[in-house]
Amino acid sequence: MNTGMKTKWEKLHSHSRFRPSYPSESVVKFVFKNFPRGNKSKILDLGCGCGRHLLFLAKENYCAYGIDHSMDGIKYSEQLLKKLGLKAELKVSDVDKLPFGENYFDGIVSYAVLYYCTAEKIQKAVDEIYRILKKGCTRIHFSQK
């Protein structure tokens, strides 16, 4: 991601007005349809921002993971999780260089993230997504709002 865009996202995530607290209905439906509650499925929130979907996953006892290129978003998510006594693994990372091993996740959610990427970056992100998903797994939820 170019430096100017990264700076814009950092500023955005530092303002409470851009920190939605409720998960998207489409993400909730996707998760409950594909993963029984409390089964400890490993689910990645790709581009977790300030953590609304990450928080939902942690509350429902999934093994929640989140990546975002915004340090402010990650820090806010960490504080929120700690305040509520919840756990998730968070990392600062870009969508086209995911810091996880092959065949690691049972599912991925990504809400309003890839829309902001170039076609080249989207292709690299998709390659990374399929690399880190468990083989034969097709549990991916992309939404652009």
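The dialogue below walks through salt bridges, cysteines, a loop residue and helix packing in a predicted model.

Biologist: How many salt bridges does the model hold?

Modeller: A salt bridge is taken here as a side-chain nitrogen of Lys or Arg within 4 Å of a carboxyl oxygen of Asp or Glu, and by this rule the count comes to eight. One of them joins Lys29 to Glu25, with the closest N and O atoms 3.1 Å apart.

Biologist: Where do Lys29 and Glu25 sit relative to each other in helix 2?

Modeller: Both belong to helix 2, which covers residues 25–34, and because they are four residues apart in that helix, about one helical turn separates them.

Biologist: Which residue forms a salt bridge with Arg37, and which parts of the chain does the pair link?

Modeller: The partner of Arg37 is Glu60, and their closest N and O atoms are 3.8 Å apart. This pair links distant parts of the chain, 23 residues apart, since Arg37 lies in the loop between helix 2 and strand 1 (42–46), while Glu60 lies in the loop between helix 3 (52–59) and strand 2 (63–68). Arg37 is exposed, with a relative accessible area of 56%, whereas Glu60, at 23% relative accessibility, counts as partly exposed.

Biologist: Are the side chains of Glu89 and Lys91 buried, exposed or partly exposed?

Modeller: Glu89 counts as partly exposed at 33% relative accessibility, and Lys91 counts as partly exposed at 27%. Their side chains meet in a salt bridge with an N to O distance of 3.5 Å.

Biologist: Which residues are linked in a network of salt bridges?

Modeller: Asp94, Asp96 and Lys121 are linked in such a network.

Biologist: How many disulfides does the structure hold?

Modeller: A disulfide is a covalent bond between the sulfur atoms of two cysteines. This structure holds zero disulfides. Turning to individual cysteines, Cys63 is partly exposed, with a relative accessible area of 26%, while Cys117 is buried, with a relative accessible area of 14%.

Biologist: Where does Leu114 lie, and is this residue buried or exposed?

Modeller: Leu114 is found in the loop between strand 4 (107–111) and helix 5 (119–132), and at 7% relative accessibility this residue counts as buried, the limit for that class being under 20%. The C-alpha atom of Leu114 is separated by 8.6 Å from that of Gly47, although the two residues are 67 residues apart along the chain.

Biologist: Which residues of helix 3 and helix 4 meet?

Modeller: From helix 3, Leu54, Leu55, Ala58 and Lys59 meet Ser77, Leu80, Leu81 and Leu84 of helix 4.

Biologist: What can be said of the crossing of helix 2 and helix 3?

Modeller: The axes of helix 2 and helix 3 come within 11 Å and cross at roughly 30 degrees, and helix 2 passes helix 3 in a right-handed crossing. In this contact, Val27, Val28, Val31 and Phe32 of helix 2 meet His53, Phe56 and Leu57 of helix 3.

Methods
Residues are numbered from 1 along each chain as its sequence is written. This is a predicted model: local features need pLDDT of at least 70, side-chain atom pairs count only at pLDDT 80 or more; totals for chains, interfaces and linings use all residues. Side-chain values use heavy atoms; hydrogens and water are left out. Helices (H or I, at least four residues) and strands (E, at least two) are DSSP runs, numbered from the N terminus. Buried means under 20% relative accessible area, exposed over 50%, partly exposed in between (1.4 Å probe, protein chains only). A disulfide is a pair of cysteine sulfur atoms within 2.5 Å. Contact means heavy atoms within 4.5 Å. Axes are lines fitted to C-alpha atoms, for helices over the stretch in contact, and angles run from 0 to 180 degrees between N-to-C directions. A crossing is left-handed if the near helix is turned anticlockwise from the far one by less than a right angle, and right-handed if clockwise.
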